[in-house]
Amino acid sequence: MAEYRIIPLTTAPNQYFDCTIPMDGQNKTLRFNVRYNDLAKYWWLEIRDPATNAYIADNIVLVTGNAPAADLLEQLRYLGIGSAAVINVSGKNADRPDDTTLGADFVLVWGDTV
């Protein structure tokens with residue numbers, strides 16, 4: 001059975017934290033940097049290895065989508081870092097979180113590789 005976890009995000013414009021996520025039968029810790037681009041009006045995600053601080057992935061824009069495009073990590077499956085999707089839990093008519101809705105109206109869900 002697949003496991004999923006909501007990644008704890010807020011509307012702070014620069015979030016930097018480590019998070020342990022159950023994925024693919026094991027717990028993996030990743031380092032997240034979530035930033036808001038005020039000019040372009042979108043959030044983006046950077047993922048690093050917490051042991052070495054080496055980049056795993058960068059410039060992942062946090063937008064919603066329909067399967068299979070909803071998986072933000074689809075093109076990065078070979079990295080073994082699971083699947084992630086931004087989910088609109090409020091039902092607001094928007095395709096991405098803004099500077100006031102991340103973590104409340106829109107959540108980032110992470111789990112097993114699809």
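Predicted model: local features only at pLDDT ≥ 70, side-chain atom pairs only at ≥ 80, totals over all residues.
In general, the strands of a sheet pair through backbone hydrogen bonds, in either a parallel or an antiparallel manner. Between S3 and S4, which run antiparallel, there are seven bridges, and Arg31 has Arg48 in S4 as its bridge partner.

Residues are numbered from 1 along each chain as its sequence is written. Local features need pLDDT of at least 70 and side-chain atom pairs count only at pLDDT 80 or more, whereas totals for chains, interfaces and linings use all residues, and side-chain values use heavy atoms, with hydrogens and water left out.

Salt bridges, defined as a side-chain nitrogen of Lys or Arg within 4 Å of a carboxyl oxygen of Asp or Glu, number five by this rule. Side chains of opposite charge can pair when their charged atoms come close. One of these salt bridges is formed by Asp18 and Arg31, whose closest N and O atoms are 2.6 Å apart. Since Asp18 lies in strand S2 (residues 14-23) and Arg31 in strand S3 (residues 26-37), the pair ties together parts that are 13 residues apart in sequence. With a relative accessible area of 39%, Asp18 is partly exposed, while Arg31 is buried at 15%; buried means under 20% relative accessible area, exposed over 50%, and partly exposed in between (1.4 Å probe, protein chains only). A further salt bridge joins Arg48 to Glu46, with the closest N and O atoms 2.8 Å apart, and both Arg48 and Glu46 are buried. Asp38 also forms a salt bridge, with Lys41 as its partner and 3.3 Å between the closest N and O atoms; Asp38 is partly exposed at 49% relative accessibility, as is Lys41 at 42%.

Lys41 is found in the loop between S3 and S4, and its phi is positive, about 65°, although Lys41 is not a glycine. A positive phi, near 60°, is also found for Asn59, again a residue other than glycine. Asn59 lies in strand S5 and is exposed, with a relative accessible area of 54%.

Asn53 is placed in the loop between strand S4 (42-48) and strand S5 (55-61), and at 29% relative accessibility it counts as partly exposed. When residues up to four places away in sequence are not counted, Asn53 touches Tyr16, Arg31 and Arg48, a contact meaning heavy atoms within 4.5 Å. The side chains of Asn53 and Tyr16 also make a polar contact (3.3 Å); this term denotes a pair of N or O atoms within 3.5 Å, of which, within protein, one must be able to donate a hydrogen and the other to accept it, and residues adjacent in sequence count only if both atoms are side-chain atoms.

Terms used
Helix = DSSP H or I, 4+ residues; strand = E, 2+ residues; numbered from the N terminus. Pairing = 2+ DSSP bridges.
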